[in-house]
Amino acid sequence: MASSFQHFSLLFFSLLFLSPSLGLAQTSFRPKGLLLPVRKDPSTLQYITQLNQRTPLVPLNLTLDLGGQFLWVDCDQGYSSATYRPARCGSASCSLGGSQACTTECYSAARPGCNNNTCGMLPYNPVIRTSTGGDLGSDVVSVQSTDGKNPGRVVSVPQLLFVCGSTSLLKGLAGGVKGMAGLGRTKISLPAQFSAAFSFPRKFAVCLSSSTRSSGVMFFGNGPYMLLPNIDASASLIYTPLIVNPVSTAGSYFPGEASSDYFIGVKSINISGKAVPNINASLLTIHQGNGGTKISTVTPYTVLETSIYKAVTVFFRAQLSGVPTVAAVAPFGLCFNSTNIGSTRVGPAVPSIDLVLQSESVYWRIFGANSMVQVSDEVLCLGFVDGGLNPRTSIVIGGYQIEDNLLQFDLAASRLGFSSSLLFRRTTCANFNFTSNA
């Protein structure tokens with residue numbers, strides 16, 4: 001069955017071929033925002049988007065990395081483009097990318113990813129926790145504009161900076177994926193470059209679909225973010241400060257780099273409105289780069305440091321004492337007989353979990369749709385994973401917990417706006433209208 005992602009792709013390419021005026025010469029039209037579809041890969045649980053890059057344009061499937069430093073693409077396999085430009089050592093592009101390395105000599109014929117006198121970067125695959133060396137360059141990228149309600153015309157960024165990675169770095173990524181789309185807190189992430197190219201606000205919003213059959217959506221720029229039936233998902237956001245971790249949390253990085261991940265200040269956790277006891281508060285703050293709470297799109301389920309995990313699962317089990325537990329199903333540690341659990345508009349009828357933020361009155365509420373995973377016909381598991389005793393980050397909020405929630409990252413104000421479950425508002429992240437045109 002054709003998905004909204006496929007409809008979007010057809011629309012995208014028909015616009016490209018029918019509208020010769022939509023190329024690089026386009027200067028009069030300034031989009032209010034940009035739009036990318038995001039689909040969930042059923043086998044890896046990764047979130048996949050598609051960008052069109054190069055001359056002539058090639059559609060690239062990319063794994064979304066919320067905290068990723070930049071766009072990186074495999075350049076080893078047939079990267080061919082008339083508009084690729086390497087970033088020369090000492091150039092403004094290298095400075096913008098924060099490169100502290102220079103490839104003085106490439107020991108093969110010049111090609112994208114192998115040029116003399118090109119600044120070096122460190123592309124990272126967080127799924128397999130591997131980095132390689134890679135060269136910084138630029139090329140044309142085309143992307144669909146939006147007014148927040150409908151898809152608009154296709155626009156181009158003539159020289160979008162990205163990093164050439166190697167084929168080996170694709171290991172662990174979903175089938176057909178050619179790289180990773182980094183949305184992190186850097187000057188050359190996709191949100192930073194898109195807002196600079198079109199002078200719209202330094203904001204972007206992620207709305208991941210819980211369905212593997214229908215696409216979610218990512219918006220670059222300000223709201224509205226309209227979802228069927230005519231609901232502006234940006235209208236009732238709750239805000240919390242984004243926290244800068246001064247030490248990079250990437251697999252490899254240059255000295256002095258801050259983390260490009262998005263951290264928030266979780267102060268405590270409530271279940272059924274009651275504080276979970278025995279949580280070591282010092283783990284919730286960042287000390288020399290360690291601890292704290294970050295949000296990730298490459299971690300499938302929320303990961304908690306062992307002592308936090310034990311406190312949460314013991315307390316959750318006590319609040320759901322009338323429901324029998326069953327044998328755990330990996331990677332989860334607490335599972336229930338689901339025939340004893342009712343259903344609600346916001347998922348299984350289980351105690352809500354609140355991540356309490358800057359004050360007791362500001363919390364991110366996680367309902368059953370985002371806390372419970374149906375692993376078989378009669379088994380529901382709490383969708384949280386034990387992260388071990390000394391993880392780099394104490395709480396990593398994973399993709400499953402943010403599905404059908406709208407998250408707006410306001411980089412200028414350094415704050416996160418979050419909706420909690422859109423199911424409460426009778427809509428989902430799969431409800432953006434990709435098929436109608438403004």
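A salt bridge, defined as a side-chain nitrogen of Lys or Arg within 4 Å of a carboxyl oxygen of Asp or Glu, joins the side chains of Lys-40 and Glu-403, with an N to O distance of 2.7 Å. This pair connects distant parts of the chain, 363 residues apart: Lys-40 belongs to strand β1 (residues 33–40), and Glu-403 to the loop between α6 (399–402) and β35 (405–410). In total, the structure holds six salt bridges. Side chains of opposite charge can pair when their charged atoms come close.

The structure is a predicted model, in which local features require pLDDT of at least 70 and side-chain atom pairs count only at pLDDT 80 or more, while totals for chains, interfaces and linings use all residues. Residues are numbered from 1 along each chain as its sequence is written, and side-chain values use heavy atoms, with hydrogens and water left out.

The secondary structure of the protein consists of six helices and 36 strands, where helices (H or I, at least four residues) and strands (E, at least two) are DSSP runs numbered from the N terminus. The radius of gyration is 22 Å, close to the 22 Å given by the globule rule for 438 residues, so the protein is as compact as a globular protein of that length. This radius is taken over C-alpha atoms, and the globule rule is 2.2 Å times the number of residues to the power 0.38. The C-alpha trace spans about 65 × 45 × 40 Å along its principal axes.

The domain assignment divides the protein into domain 1 (33–223) and domain 2 (231–425), with bounds that come from an automatic or database assignment. The centres of the two domains, taken over C-alpha atoms, are separated by 27 Å. Contact (heavy atoms within 4.5 Å) involves 38 residues of domain 1 and 36 residues of domain 2. Between them the domains bury about 3100 Å², of which 57% is on carbon and sulfur atoms; buried area is the accessible area (1.4 Å probe) that two parts lose on being put together, summed over both. Within domain 1, Leu-66, Arg-185 and Arg-202 lose the most area to domain 2, together accounting for 25% of what that side buries.

Two salt bridges are counted between domain 1 and domain 2. Lys-203 and Asp-410 form a salt bridge in which the closest N and O atoms are 3.9 Å apart. On the side of domain 1 that touches domain 2, β3 (58–65), β7 (118–121) and β13 (203–207) each supply at least two residues, and β13 gives the most, with five.

Several backbone features were also identified. The peptide bond from Leu-228 to Pro-229 is cis, with omega near -5°, and Pro-229 is placed in the loop between β15 (226–227) and β16 (231–232). A cis peptide bond also joins Ala-330 and Pro-331, with omega about 5°; Pro-331 lies in the loop between β25 (325–326) and β26 (335–337). Ser-199, although not a glycine, has a positive phi of about 55° and is found in the loop between α3 (190–198) and β13.
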